[in-house]
Amino acid sequence: MAIAAVDTRNSYKLDQSWLTRLFDHKPFLIAICLFPAAALLLVFLSYPLGLGIWLAFTDTRIGRTGYFIGFENFESLWYDKVFITSVWNTLLYTGAATVGKFGLGLWLALLLNNNLPFKSLLRAIILIPWIVPTVLSAIAFWWIYDPQFSIISYVLVDVLGWRDTYIDFLGQPWPARWSLIAANIWRGIPFVAISLLAGLQTISPSLYEAAMLDGANAWQRFRHVTLPMLMPILAVVLTFSVLFTFTDFQLVYAITRGGPVNSTHLMATLAFQRGIPGGQLGEGAAIAVAMIPFLVMATLFSYFGLARRKWQQGEDND
């Protein structure tokens, strides 16, 4: 009986030592820790991406299994005027909105970096456009741009008397495009401002003091101290801003739904319209896949922007 008990204890010690060695093995621990995240990425990112790429090369429709047709969807998009318009709209929307968000966001970040009264309250208020649901913001702008009840038209016509008629913001192509860009700028400024403000607060005040002792004015301090030190943060924030803007769907679809006459469609909204309401899953997937090269270019820009940070720290670029 005693011998059996001793054997049981020895077997338990052997098992315990085996488990201990296993969990002390660094590759095993890394694999265990990464498995939940990898599983989520595989299920919710890799599989939908792979399925979308496959559908882009088929003639799949809702309710009917498709067949492989090669590049026919992409060839038809090449001659599709609505698709070409959506590409130009997406580039214009992304470029103009990004410039506006970064110009105003950087100005706001520099302003908030000073010693202002109620600075914490101001930072919280600035975040409101970013945390408000997109659809709610779209409804507010829908009212602002309404051809009959627009507050902007009311001020310009009835209060200031600068115009005789109300502005039809969403009824004509170019006013509708710029109206969407203005709405996106308003919504994206808080993200840029708070992110750049965090970067500004990491810059040592001694650098500004040294620059002032050398006789540098405000513009020279910004150009030679603030901007170079802020460049790594600018690269990352710019990349995320471009990605968010390029793939924007909710704001545009809620305000104009691509109108008037498909003149404000972005690639994301056109892909949804062709794929879901239109039932052409293959063509909609092809439009979505056509967005990938632009997103890859933005990601590469982020990588090269981060490489500059290594140079600033005195390290060699990999």
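Biologist: What is the handedness of the crossing of α10 and α11?

Modeller: In this predicted model, the crossing of α10 and α11 is right-handed, a word used when the near helix is turned clockwise from the far one by less than a right angle.

Biologist: Why are α10 and α11 called roughly antiparallel to each other?

Modeller: Helix α10, which covers residues 205-213, packs against α11 at an angle of about 160°, and their axes lie 10 Å apart. Angles over 145 degrees count as roughly antiparallel, and therefore α10 and α11 are given that description.

Biologist: Which residues in α10 and α11 meet?

Modeller: From α10 come L207, Y208, A211 and M212, and these meet R221, V225, T226 and M229 in α11. By kind, the residues of this contact of α10 with α11 divide into six nonpolar, one polar and one charged.

Biologist: What makes a group of residues a nonpolar core?

Modeller: The term asks for buried residues of nonpolar kinds, joined through side-chain atoms within 4.5 Å, where buried means under 20% relative accessible area. The largest such core here has 37 residues, of which Y93, L196 and I255 touch the most other members. At least two residues of this core are supplied by each of α4 (81-112), α7 (134-144), α9 (173-200), α11 (218-246) and α12 (250-255), and α9 gives the most, with twelve residues. Another core, of 16 residues, lies apart from it and includes M267, A271, A286 and V289.

Biologist: Which residues does Y93 touch, not counting residues up to four places away in sequence?

Modeller: With those neighbours in sequence left out, Y93 touches L180, I181, N184, T245, D248, L251, V252 and L266.

Technical notes. Residues are numbered from 1 along each chain as its sequence is written. This is a predicted model: local features need pLDDT of at least 70, side-chain atom pairs count only at pLDDT 80 or more; totals for chains, interfaces and linings use all residues. Side-chain values use heavy atoms; hydrogens and water are left out. Buried means under 20% relative accessible area, exposed over 50%, partly exposed in between (1.4 Å probe, protein chains only). Helices (H or I, at least four residues) and strands (E, at least two) are DSSP runs, numbered from the N terminus. Contact means heavy atoms within 4.5 Å. Axes are lines fitted to C-alpha atoms, for helices over the stretch in contact, and angles run from 0 to 180 degrees between N-to-C directions. Angles under 35 degrees count as roughly parallel, over 145 as roughly antiparallel, 65 to 115 as roughly perpendicular and the rest as oblique. Ala, Val, Leu, Ile, Met, Phe, Trp, Tyr, Cys and Pro count as nonpolar, Asp, Glu, Lys and Arg as charged, and the others, Gly among them, as polar.
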